Amino acid sequence: MNKLKVIIILMTVIFLSFGLFSYSWGAGEEEILVGNIQDMSAGTAIWGQNDTNGILLAAEEINALGGILGKKIRVITYDTKGDPTEAINAYNRLVDLDKVVAVLGPPTSNVGIPLAPIAERKKVPVIGDFMDERATTHSGGVWNFMFLTEPSCSEQAEIAASYALKELKLSKFAVIYNKANSYSVKMAIPFMAYVIKHGGEILIAETYLFGDTEFRAQCTKIKNASPEAVFVPGYVKDNALIAKQLRGIGVDVPIIGNNSWYVPLIELAGPAANNTYFPNNMATDIPRFQEFMKLYEKRFGMEPLIHACMGYDNMNILAEAIKKAGKLDPIAIKDAIEQTDHVGVTGRIKFNPQTHRPDRMPLVMLKIENEEFVTLGEYLPPLD
Amino acid sequence: MCRESCLYPFILRRGVKAGLLLRNVKKELEVFLQQLLNGLSCGGVYALMAVGFGLIYNVLKFSNFSHGGVMLIGCYTAYFAFKIFHSSLFLTLLFGAISGGLCAVIFEKLAIIPLRKRNAPKIYFFVNSINGGLLSEYLIVATVGVFFHTFPDFLGTTNINIGQISFSKLNLTMLIISLITLFGLMWYLYKTKSGRAIRAVACDINTASLMGVDVNRVISLTFFVSGLLGGLCGVFLGINYTIYPQLGKLIVKGWMASVIGGLGSLLGPVVGGILLGVLETFLTAYIGSSFTPILEFIILLMFLLIRPQGIAGVIVEEKA
Amino acid sequence: MSFYQGVIIIVVINVIAVIGTFLLTGMTGLLSFGQASFMALGAYISGMLAVKFNIPFLLAILLAIIASVFVGFIIALPVVKLRRDYFALTTFAFGEFLKAVLNLSVTITGGATGLAGIPYKVNIWIALISLIIVILLVRNFRNSKFGKECLAIRDDELAARSCGIDSSRKKMTVFLFSVAITSFAGCLYGFYTCYIDPSMFGWTKSSELVIMVFFGGLNSLTGVIIGTTFLTLSLEILRFTGAWRMFIYVLIMIILIDFRPQGVFANWELEWTTFEKLLHVPLSIIKKEK
């Protein structure tokens, strides 16, 4: 028995020592190293994997055309499990050991926010989709090395609210959101504030928590409040369940969603998803998107989620910035990123230098009808 | 004349008010019944979870958190069976149950038998079971991937409506299947030889082995049976909700249900599960979802202080 | 602060939190499933004091620890006299309760959106010094008369009480001490990541801490330290396995527990005597009086 134990311990040690030496000591001569920090195995892994796919697709395209500055891009991906400490370790590893020139970041703010002060110290830029404003700005100004490439969560909520009020002429809303989730809370609160400020009414605001799968109690209360529409800003899985349970209980009014109502929501919710309006990062009926979708499906065998489009655009923005900077210096690249004016699959991205977020970037309103996505058009709330 | 003309509107007004009151009461009653039905169907699933969980507890005296992993694997294999063979509802359930059973036995071989051989303290079984649950989750993530799937609507989305109350055919079917399964389990435990063996080992593991019961085989059998229940429950969860790798984490509800309901008998987990489902639904309905976990746990604690063996329980042993 | 320093700081924070849990379970047999919630208390209180009132680092930590101990006292009061598993359930319930309260209090603590902007104060020296202080405190505590009485309680409470040891008071004291240490770990965590939200402190984190204690060895302080270091490091080291990382990590844990169900280090402690034997030199001149 003792010998067996020794052998097992020895094997474990050897196995682990593989890990100690498995990083790249900086790039080879012909390579540009780009870091990618995503959740690949926990609750938001579906986003992280898609984001990574989009990034890889873009990198492959660029490499096929000769790379940037004569070198090929190599993407190094680390899994964070959605945990901020893992993300911090991953970022440090990418910057200190792998020596990447920039990092493409996750679409979750609970990872984005802690990365901001560290990026500021280590001066390697991060381009991501962390919608919480605190990931790109703080009370004293902007986090110089963080960039958000889509509208922030309050902007998105206001787009949805304004559309519902002005275009759909609805005024009495019920809201059901995930109180234990920052993404959901940060959309529900601005939505409700905007509606009230512009003459609408919030009849009832129900909450649920992470991991909940039963919403019928809340749905019954919503049904009894008789709203004209229900705002449901959650993760795609919760949105699908809520849609099914709302319709199952007999609530047929339109649902207003957030950008987590795109693929794979129809697959998950079926006919319950019909009669939903939501802001999406990209229009599905323009040729630019159709081409991207074809390429993505050919490469990965499935439909792209919005995060795939965002990853794709982020990689392209980074590539352009590297080309503009002309050298592999993270600070020069950061300055070049600030000058970005890029038209990607998710629209035109141009950063406001004071916030590192795009100003007044429109989102595309989509409707789900007959279990299909119908593009209604770009929308921005009127300035008031 | 004047009195009569004043009387009629008076009676009319009173009548209308009474009518409105009755209508309000009726509406409140309907809402109450609807929430009750919601709670019952939710509780039915919890009960099924708690029974499988409780089976292992009774025999090995530890809280088996890998039950969540068994549910997960049962759900996923059933899904794949469905995708490949396009099986009907019952076949899919059967497939899920059997794969759940096998998964539980594999877990036993991997994480329980080595501990039993070394006479480990109970707490290590518990620790290893948590790890076992996590192992299945990560296995799914590494192999199948992290995307969400759903079962199609097996019985259509038709609801049965009585007045303003609606519940789906699917939920009713699942409730009936759960009841049949529970009766089947009761018959098995009380009327068959191997069932009696399980009960004997649950009673006193050492005496049972002295009486000639092959304790190791019985324990493997228990795991298989508990796995059957777990796999079935997993498929139910997948049908009711979505199929995703973190499905196993719902076992916490099963654990709470078995604490409330008490262990040591078959009735305890069932009662606990249904109570928990109904309680959760009513708390969410009348107080709001934010306060529900707080109140749930306060009630859980009160149960422990006032009636530690749970509502219908017999054993007062340590649960962790 | 390079990558290695970052990893070491995380290891240190984990080790301190686990030592807190170890103190409780190893010395009284009480199992606490809400340790993560004490980390949350420490992190949130010290974080809020620093962010909203600009209270200096050390003072904020001190106040947070005092507050957490106070809360711990209130929870434990009704249950410390009861059985082990009630205590576990109570602490578990408290953990979820705290998480729910944090999520509710959006305006004060930021709720689910988290508390950002905590100043960065924990560099590797502060972490290592904290670790050494905690280790020394716990080691001396365990070796003192008080500590030995607690071991008696753990092994057989009835016998200990018949010898005149007031078990409830001792259990409470150890619990409060462990709360202090765990919430200290939480404070360090907050001042390192500079952002905290309630989802980081759920029952999964608590169960991770408990598992690490049992993995390291219930009776061995060094075992717990080495075990936790090993587990936290291997998480980072195993990155090269890609998608299978977590699976392999958990599998290693299961296999090691299978082979050593008393914890990998069981009763072994790193003592001065070990060094004596290694160096063949009597170190009794520097050895502390036991």
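This text walks through the interface of chains C and B, then a helix pair in chain B. The model is predicted: local features need pLDDT of at least 70, side-chain atom pairs count only at pLDDT 80 or more, and totals for chains, interfaces and linings use all residues. Residues are numbered from 1 along each chain as its sequence is written, chains are lettered from A in the order in which they are written, and side-chain values use heavy atoms, without hydrogens and water.

Start with the interface. Here 37 residues of chain C meet 40 of chain B in contact (heavy atoms within 4.5 Å). Together the two chains bury about 3,600 Å², with 78% of it on carbon and sulfur atoms. Buried area is the accessible area (1.4 Å probe) that two parts lose on being put together, summed over both. C:L89, C:D258 and C:P261 supply 16% of the area that chain C buries against chain B, more than any other three residues.

Which helices of chain C each supply at least two residues to the side that touches chain B? They are α4 (84-104), α10 (203-216) and α12 (245-259). Helices are DSSP runs (H or I, at least four residues), numbered from the N terminus. α4(C) gives the most, with 13 residues.

Now turn to chain B. The axes of α5 (residues 169-191) and α6 (residues 193-203) of chain B come within 5 Å and cross at roughly 80°. Axes are lines fitted to C-alpha atoms, for helices over the stretch in contact, and angles run from 0 to 180 degrees between N-to-C directions. Residues making the contact include B:Y188 and B:L189 of α5(B), and B:I198 and B:R199 of α6(B).
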